[in-house]
Amino acid sequence: GLEAQLLGNVVRKERPELEEQKDSLVMNIAAGKKKLKELEDEILRLLNEATGSLLDDVQLVNTLQTSKVTATEVAEQIDSSETTEVKIDSAREVSAQTSTKSKPINI
């Protein structure tokens with residue numbers, strides 16, 4: 001919300017590298033989640049279009065195998081990004097608190 005935006009503005013001035021890293025991680029997490037959704041949709045489409053035995057549908061089996069590997073990789077990237085995001089958020093908080101305490105407020 002507003003507090004997060006204000007924090008972002010403070011940190012962007014004091015530690016721009018943290019904000020850039022945070023922005024990049026948010027984009028990576030969103031892209032990873034989008035990729036997982038696309039994989040789910042593709043599998044559902046193939047299952048819906050399949051006729052006969054699912055095991056005989058080579059395209060479906062290949063897509064499932066590829067999707068499994070890709071989903072695992074994307075899930076690991078998302079987990080790693082989310083963990084890193086928490087660390088960045090902590091650093092942002094410390095940076096903002098230090099900045100707030102060390103600068104007088106102009107009224």
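Asp41 and Lys37 sit 4 residues apart in helix α2, so about one helical turn separates them. Helices here are DSSP runs of H or I with at least four residues, strands are runs of E with at least two, and both are numbered from the N terminus. The two residues form a salt bridge, and their closest N and O atoms are 2.9 Å apart. To count as a salt bridge, a side-chain nitrogen of Lys or Arg has to lie within 4 Å of a carboxyl oxygen of Asp or Glu. Why does that spacing matter? An α-helix has 3.6 residues a turn, so residues three or four places apart point the same way. Side chains of opposite charge can then pair when their charged atoms come close.

Before going on, a word about what you're looking at. This is a predicted model, in which local features need pLDDT of at least 70 and side-chain atom pairs count only at pLDDT 80 or more, while totals for chains, interfaces and linings use all residues. Residues are numbered from 1 along each chain as its sequence is written, and side-chain values use heavy atoms, with hydrogens and water left out.

Back to the pair. Asp41 has a relative accessibility of 36%, so it counts as partly exposed, and Lys37 is partly exposed too, at 46%.

Arg45 is partly exposed at 34%, and Glu42 is partly exposed at 27%. Glu49 joins in as well: Glu42, Arg45 and Glu49 are linked in a network of salt bridges.

How many salt bridges are there by this rule? The count comes to 4. One of them is between Glu82 and Lys33, whose closest N and O atoms are 3.6 Å apart. This pair ties together distant parts of the chain, with Glu82 in helix α3 and Lys33 in helix α2, 49 residues apart. Glu82 is partly exposed, with a relative accessible area of 30%, and Lys33 is partly exposed at 46%.

Now zoom out to the whole chain. Of its 107 residues, 24% are buried. The accessible surface comes to about 7,900 Å², and carbon and sulfur atoms make up 56% of that; the areas come from the Shrake-Rupley method with a 1.4 Å probe, and for residues only the protein chains shown count as cover.

Take the helices in turn. Helix α1 covers residues 2–14, and its 13 residues reach 18 Å from first C-alpha to last, close to the 18 Å expected at 1.5 Å a residue. That expected span is 1.5 Å times one less than the number of residues. Leu7, Gly8 and Val11 are buried in α1. They cover an arc of only 105° around the axis, which puts them on the same side of the helix; the arc is that of the directions from the helix axis to the C-beta atoms. Leu2, Gln5 and Lys13 are exposed on the other side of α1.

Helix α2 has 34 residues and reaches 49 Å between its first and last C-alpha, close to the expected 50 Å. Its buried residues include Leu18, Leu25, Ile29 and Leu46. Leu44, also in α2, counts as exposed at 55% relative accessibility. Together with Leu47 and Leu54, Leu44 forms a nonpolar patch on the surface with about 260 Å² of accessible area. Patches are made of residues with over 30% relative accessible area and no salt bridge, where like charges are joined within 9 Å and nonpolar side chains (Val, Leu, Ile, Met, Phe, Trp, Tyr) within 5 Å.

That leaves helix α3, residues 58–102, where you'll find Ser81. Is Ser81 buried or exposed? Ser81 is buried, with a relative accessible area of 10%. Leaving out residues up to four places away in sequence, Ser81 touches Leu25, Asn28 and Ile29, where a contact means heavy atoms within 4.5 Å. The C-alpha atoms of Ser81 and Val26 are separated by 8.1 Å, although the two residues are 55 apart along the chain. Across the protein chain, residues 24 or more positions apart account for 70% of the contacts with a separation of 6 or more.

Methods
Buried means under 20% relative accessible area, exposed over 50%, partly exposed in between (1.4 Å probe, protein chains only).
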